[in-house]
Amino acid sequence: MIIFFVLPLLLTVVWSVFERTMFWMEPAFTFFSYENFFFSSRLENFLSSMFHSSISVVCAFFIGFPIAIFIRRRVRKVAQHRVMLLFILPFMVSEIIRIFALRPILSRNGVVNSFLMDMNLIDSPFSIFVFTPTGVVIGEIVSFLPFMIFSTFLALEAIPNYIFEVCADLGVNRRRMFKDIFLPLAAPGLFAGSVFIFVNGIGIALIPTILGGPGSVNAGLIATQAIIALDFPLAMAVSAIMMFTLMGLLYLGHRLFNLTKLLEPIS
Amino acid sequence: MKKSNAIEVKNLIKTYGDVYALNDVDLNISDGEYFVLLGPSGGGKTTLLRSIGGFIRPDSGSVVIKGKNVNNLPPDKRPTSMVFQGFALFPHMDVAQNIGYGLKLQSIEKNIIDEKVNKMMDLVGLTGLHKRKPHELSGGQQQRVQLARALILENDVLLLDEPLSALDAQLRKDMCIELKRLQKTVGISFVHVTHNQEEAMSVADRIAIIADGKMIEEGTPQEIYNKPKKQFTAEFLGEKNILIGKIHNLNKSKIVLDISNDKIEIANNNYDVSKNQEVSVSIKSESIQIKKNVKSKTNEKNSIVGKVTEITFLGQFVRYLVLLSNDEEIQVRSSEGVDNIKLNDQVILNWKLDDFILHNE
């Protein structure tokens with residue numbers, strides 16, 4: 001834990017205040033890298049990537065959670081895990097290829113646009129699907145949706161079957177079922193899935209690199225670019241800022257929703 | 001005045017593949033009656049209860065509750081509430097929320113719900129535990145919450161599916177007394193499924209023995225225990241002393257039974273049997289007197305000779321295993337040990353004519 005988790009995080013913070021040299025960095029105590037971040041378009045990019053990530057989280061919730069509920073309630077017990085395996089299949093393909101494959105699907109004359117045109121649903125192709133923040137959000141949803149389904153399904157799987165019988169006996173309708181049963185009991189899973197998607201949304205450089213345009217740079221990409229430019233302290237600073245932002249958000253979430261209560265094991 | 005029927009079950013059949021879970025079951029349960037479905041696991045009693053509750057759709061037959069055919073109604077539309085096996089509470093809700101949830105669904109005002117919840121919690125003995133979560137409660141308390149959650153809806157029938165099976169023996173005894181008291185207080189019919197005969201005897205007004213998807217027999221606990229009509233019932237209730245024989249002779253008051261090497265006499269309580277018919281008879285181990293014998297034959301009536309093969313001290317009782325000449329073993333429970341009887345001794349067993357019960361199936 002200390003070697004693989006705490007130490008790298010500490011080093012990140014320590015290195016972020018070092019001074020940049022030609023090819024590496026030297027010990028110092030300077031906030032130059034932080035100034036470099038906060039007084040440039042990087043800050044703006046960082047904030048917008050947080051915003052886009054949030055959208056991905058919300059979309060993944062609305063798509064993934066109903067799928068998980070469906071699998072829990074409507075698929076036979078023995079088949080449930082096989083269905084879950086289907087969502088692992090995409091991971092057999094390298095992430096780069098998977099995301100790259102979205103380009104011909106989403107581009108101006110790609111599969112989606114051709115289909116919509118052929119169906120006479122639109123007159124001219126949508127151009128917002130790739131090389132835009134929308135493209136990045138779509139890419140994130142496609143990549144990370146399985147995680148939302150996994151984590152919420154695991155939480156739903158832990159709900160004992162008798163709960164549904166009690167509901168049948170009391171006459172709980174679908175809306176009530178969602179609000180009173182699924183949402184609170186799957187909360188730990190929803191939380192885990194959401195954090196995972198949010199963190200990856202701002203941290204993974206690959207998706208904006210391949211699907212994003214000039215306006216869609218996330219924290220991961222900023223750090224990657226900094227490393228390519230051999231500005232290691234800046235890369236470290238970006239990582240440290242990401243880390244502190246997440247810790248801050250978790251704390252805020254904790255104060256607002258009482259995470260301990262939310263994550264209270266269902267027993 | 002005859003009580004009206006709360007539940008009428010007619011010709012109920014339910015199959016799973018080739019297996020009959022319920023095979024043409026008829027059942028009538030009166031208003032305000034504590035009715036127990038007793039039988040071995042997998043015998044169909046839970047299937048029967050769940051058919052009454054609407055959780056299982058039978059293949060054919062009908063369920064009528066309070067004069068209304070409920071065959072096509074889902075559980076929540078039937079005038080029944082269910083207490084489930086195990087601790088079936090909503091884990092994320094506290095005690096008061098669990099109990100009041102059914103009323104909340106009916107959009108009843110909050111202060112009315114609170115009032116009813118309080119009353120119900122007092123009734124089942126949960127006073128002051130409003131804010132506890134299910135995992136902070138003991139097993140007995142969790143079942144009380146289930147009871148309250150079901151009773152608060154004020155339905156006509158309460159169905160209990162092995163409600164005490166997850167509790168330890170002492171707690172089960174206490175809860176039996178409470179269940180009976182609760183049923184008398186609320187006055188509605190309780191239908192209680194269990195495989196535990198002691199539990200069944202202690203709560204029931206009437207008991208039905210269910211096995212192999214069939215209703216074996218029904219009656220009051222006294223009838224079922226003291227005078228079981230069927231051999232299965234006697235066996236299920238733990239009767240060890242079952243002898244099979246052929247009717248040698250009979251008249252209005254007596255039947256003489258031929259059990260290979262010996263003959264025994266039993267009282268004829270209007271049994272529907274005929275000469276040479278093969279029947280089984282049973283006798284409670286505590287109804288037999290045992291004494292030492294020096295001769296190998298006995299001329300006494302209502303008696304049989306045998307050899308002691310085992311003596312076990314059981315605290316309140318001493319149990320003797322006696323081997324008869326036809327290689328059958330008879331258990332005798334004596335409240336005080338008979339001093340001079342030792343292992344391998346020849347003994348005479350005596351009984352009152354009435355103590356043997358004949359099962360004609």
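What follows is a short tour of a predicted model.

## The nonpolar cores

Start with the largest nonpolar core, which holds 129 residues. The members that touch the most other members are Val238(A), Leu37(B), Ile99(B), Ala148(B), Leu158(B), Leu159(B) and Val191(B). Helix α8 (residues 133-157) of chain A supplies the largest share of this core, with twelve residues. There's also a second, separate core of 22 residues, and Ile264(B), Val332(B), Phe356(B) and Leu358(B) are among them.

Setting aside its neighbours within four places in sequence, Leu37(B) is in contact with Lys45(B), Leu48(B), Leu49(B), Val191(B), Val193(B), Ala208(B) and Ile210(B).

## Helix α13 of chain A

How far apart are the end C-alpha atoms of helix α13 (residues 232-257) of chain A? They sit 37 Å apart, which agrees with the 38 Å that its 26 residues should span at 1.5 Å a residue.

## Where the chains meet

Now for the contact between chains A and B: chain A puts in 14 residues and chain B 16 residues. On the side of chain A that touches chain B, α9 (162-170) and α10 are the elements that give two or more residues. Of these, α9(A) gives the most, with seven residues.

What is that side of chain A made of? Its residues divide into nine nonpolar, two polar and three charged.

Definitions and conventions:
Residues numbered from 1 in each chain as written. Chains lettered and ligands numbered in written order. Predicted model: local features only at pLDDT ≥ 70, side-chain atom pairs only at ≥ 80, totals over all residues. Core = buried A, V, L, I, M, F, W, Y, C linked by C-beta atoms within 7 Å. Buried ≥ 20, exposed ≤ 12 C-beta atoms within 10 Å, placed from the backbone. Helix = DSSP H or I, 4+ residues; strand = E, 2+ residues; numbered from the N terminus. Contact = placed C-beta atoms within 7 Å. Expected span 1.5 Å × (residues − 1). Nonpolar A, V, L, I, M, F, W, Y, C, P; charged D, E, K, R; others polar.
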